[in-house]
Amino acid sequence: MSVDQSTDVEGGDGTTTAAAVTAMAVGSYPVAPGYRLNVRSGPGTGYSVVRALPEGAGVRINCQTPGTRVSGPYGTSNIWDNIGSGQYVSDAYIRTGSDGYVAPRC
């Protein structure tokens, strides 16, 4: 499986990508294609899995915090995205268009 690791919100021709438009329009970021993503109770792989997001899901990021370093389709990151009370996903599986923080720190 080939996965794009874009770190900007523009396409190669200077246009805004569909993922970036979606994130800006509705505040939701897509999970990497082809993945069911574990949602954990805290910002790390040592926390329990509370549910799984289905393929094609989008998430609203409330805030972000450092945690366990994870390698995924969008690189290696220690950033974890809070998507609800006691619900965290690794940013390495979320297409935010950035290698850094895109939401306030938790």
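Ile83 is buried, with a relative accessible area of 15%. Buried here means under 20% relative accessible area, exposed means over 50%, and partly exposed covers the range in between (1.4 Å probe, protein chains only). Ile83 belongs to strand β6. Helices (H or I, at least four residues) and strands (E, at least two) are DSSP runs, numbered from the N terminus. The model is predicted: local features need pLDDT of at least 70, side-chain atom pairs count only at pLDDT 80 or more, and totals for chains, interfaces and linings use all residues. Residues are numbered from 1 along each chain as its sequence is written, and side-chain values use heavy atoms, with hydrogens and water left out.

The protein chain has an average pLDDT of 82, and 75% of the residues score at least 70. pLDDT is the predictor's confidence in each residue, from 0 to 100. Over residues 1-26 the pLDDT is below 50. Beyond near neighbours in sequence, this stretch makes 37 contacts in the model. Contact means heavy atoms within 4.5 Å. Where pLDDT is low, the predicted coordinates should not be read in detail.

The protein chain contains 1 helix and 7 strands. Their order along the sequence is α-β-β-β-β-β-β-β. Of the 106 residues in the protein chain, 42% are buried. Among contacts between residues at least 6 apart in sequence, 50% join residues at least 24 apart.

Strands β5 (residues 63-72) and β6 (residues 75-84) pair in the antiparallel sense over 7 bridges. Pairing requires at least two bridges found by DSSP between the two strands. A hairpin of 2 residues joins β5 to β6. Pro66 stands opposite Ile79 in β6. Thr65 is placed in strand β5. Thr65 is buried, with a relative accessible area of 15%.

The largest nonpolar core has 17 residues. β2, β6 and β7 each supply at least two residues of this core. Such a core is a set of buried Ala, Val, Leu, Ile, Met, Phe, Trp, Tyr and Cys residues joined through side-chain atoms within 4.5 Å. Val31, Leu37, Leu53, Val59, Val89 and Ile94 have the most contacts inside it. Leaving aside neighbours within four places in sequence, Val59 is in contact with Gly27, Ser28, Tyr29, Val31, Leu53, Ile83 and Ile94. Ile83 in turn touches Val39, Arg51, Leu53, Val59, Arg60, Asn62 and Val89, not counting residues up to four places away in sequence. The C-alpha atoms of Ile83 and Ile61 are separated by 5.1 Å, although these residues are 22 residues apart along the chain.

A search of the whole structure finds 1 aromatic pair. Tyr35 and Tyr93 form this edge-to-face pair, at 5.3 Å centre to centre and with 75 degrees between the planes. The pair links distant parts of the chain, 58 residues apart. Tyr35 lies in the loop between β1 (29-30) and β2 (37-40), and Tyr93 in the segment after β7 (87-90). Rings of Phe, Tyr and Trp (its six-membered ring) pair if their centres lie within 6.5 Å; planes under 30 degrees apart count as stacked, over 60 as edge-to-face and the rest as tilted. Tyr35 is partly exposed, with a relative accessible area of 26%, whereas Tyr93 is buried at 19%.
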